[in-house]
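I opened the model to look up a few sites and wrote down what I found. The entries follow in the order I made them.

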Amino acid sequence: MLTQIQGLHHVTSLASAAQSNNDFFTRTLGLRRVKKTVNFDAPHVYHLYYGDEAGSPGSVMTYFPFPGATRGRHGTGEVGITGFAVPKGTLPYWQERLAGLGVGDLSEATRFGEARLQFTGPDGDEFALIEADDDRVPWTHGGVGADEAIRGFHSASMRLKDGGASAELLKFMGYDQIDRDGDTTRFVVPNGNGANVIDIETLPGVSHADQGAGSVHHIAFAVEDRAKQLQVRKALMDTGYQVTPVIDRDYFWAIYFRTPGGVLFEVATNEPGFDRDEDTAHLGQALRLPAQHEHLRQVLETKYLEPIAD
Ligand code: ZN
């Protein structure tokens, strides 16, 4: 069993428009945009990152906004709800705030004894704010005060036709199966970075999702450094997983593999972080391009990447 995984690193989803995506995460949810760059594999599309002040692993929601992309259809074989941790007693504040800002599909629920407020994003993306004891320091310059602000991810919930093999994988990755609530089984990584929970919702009768705007593209798990990442890569490959080579994403190093239930997993390093190419005070403001795409800057800025009003 692996001991290197520290919880979630980031969650990456698809959107249909950069501006509305930016406004939702920075203004409505009060996160900080910590990086404005491009999809390294498709540089005509932005890659936008939102999180806490530094973009700490476990806080970072990222998006590829493909202009005009068709909305996905939710189903099995994907990550459904991405959960953010908020302080206990703050859901009435959030309910009023989100309702006042016209956020869709607001509903309150209790899962695993935790109160949650579920809602959808601009492309039908599924989220929940979940009340939890969480001592991570929030970003508080996005219009939400320190007493209420999002602390980082609480969890990601996979919706699967058959959760068995993915449950075994999570246990191999160091997660403990701790509880069950209806169709959902909860896994927690001990001594994690705060974003410690993965839920598996088993829905044998639900058809497979179609990926599109509003769909989660992949979830990434955090490891401290490249040495730990190589240990994880070798262990996964020894177990029979097809894992990509290590890929340089400038702000972290990444490996990817497809899980038995169809969800794409990444393992990403905490190093070097988002202050690699701009200081913490100015994170996310200027368009940062990786060295291999810097020669495209003019055409990208004039032809493909519509400016984002902050
Ligand atoms: Zn990723």
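I counted a polar contact as a pair of N or O atoms within 3.5 Å; within protein, one must be able to donate a hydrogen and the other to accept it, and residues adjacent in sequence count only if both atoms are side-chain atoms. This is a predicted model, where local features need pLDDT of at least 70 and side-chain atom pairs count only at pLDDT 80 or more, while totals for chains, interfaces and linings use all residues. Residues are numbered from 1 along each chain as its sequence is written, and side-chain values use heavy atoms, with hydrogens and water left out.

**Entry: R186**

I started with R186, which is in strand β11. Helices (H or I, at least four residues) and strands (E, at least two) are DSSP runs, numbered from the N terminus. The side chain of R186 makes a polar contact of 2.9 Å with the side chain of E114. I took contact to mean heavy atoms within 4.5 Å. Apart from neighbours within four places in sequence, R186 is in contact with a list of residues that includes F112, E114, R116, H154, D176 and D199. For accessibility I used buried for under 20% relative accessible area, exposed for over 50% and partly exposed in between (1.4 Å probe, protein chains only). R186 counts as buried because its relative accessibility is 4%.

**Entry: the zinc ion**

Which protein atoms are the donors of the zinc ion? They are H10 (NE2), H218 (NE2) and E266 (OE), lying 1.9 to 2.0 Å from the ion. H10 in strand β1 (residues 8-15) and E266 in strand β16 (residues 264-272) are 256 residues apart, so I noted this pair as one that links distant parts of the chain. Along the chain the donors follow the spacing H-x207-H-x47-E. Donors here are N, O and S atoms within 2.8 Å of the metal (3.2 Å for Na, K and Ca); water is not among the atoms, so sites may look incomplete. I then checked burial: H10 counts as buried at 2% relative accessibility, and E266 counts as buried at 0%.

Is N21 buried or exposed? N21 counts as buried, with a relative accessibility of 1%. N21 sits in helix α1 (residues 18-28). Its side chain and that of Y50 are joined by a polar contact of 2.7 Å. Outside four places in sequence, N21 is in contact with A15, L48, Y50 and Y63.

I found N193 in the loop between β11 (184-188) and β12 (197-202). The side chain of N193 reaches the backbone oxygen of L8 at 2.9 Å. A polar atom of that side chain also lies 2.9 Å from the backbone nitrogen of A195. Not counting residues up to four places away in sequence, N193 touches Q6, G7, L8, P57, G58, R136 and A222.

**Entry: pocket and cavities**

I worked on a 1 Å grid over the protein atoms alone: a cavity is a set of points where a 1.4 Å probe fits but cannot get out, a pocket is an open set with protein on both sides within 12 Å along at least five of seven lines, and lining residues have an atom within 4 Å of a point. Grid points are joined across faces, edges and corners, and a volume is the space filled by probe spheres set on the points.

The largest pocket holds about 270 Å³ of space. It is lined by 13 residues, of which T26, L31, R32, R33 and D310 lie nearest its centre. Helix α1 gives the most to this lining, with three residues.

How many cavities of 30 Å³ or more does the structure hold? It holds two. About 50 Å³ of space lies in the largest cavity, whose lining includes L31, G51, D52, W139 and R151. The second largest cavity has about 40 Å³. Among the residues lining the second largest cavity are S13, M61, Y63, D125 and E126.

**Entry: backbone**

The peptide bond from E271 to P272 is cis, with omega near -10°. P272 is in strand β16.

I noted a positive phi of about 60° for D105, although it is not a glycine. D105 is in strand β6 (residues 104-111) and is exposed, with a relative accessible area of 58%. D250, also not a glycine, has a positive phi of about 65°. D250 lies in the loop between β14 (247-248) and β15 (252-258) and counts as buried at 9% relative accessibility.
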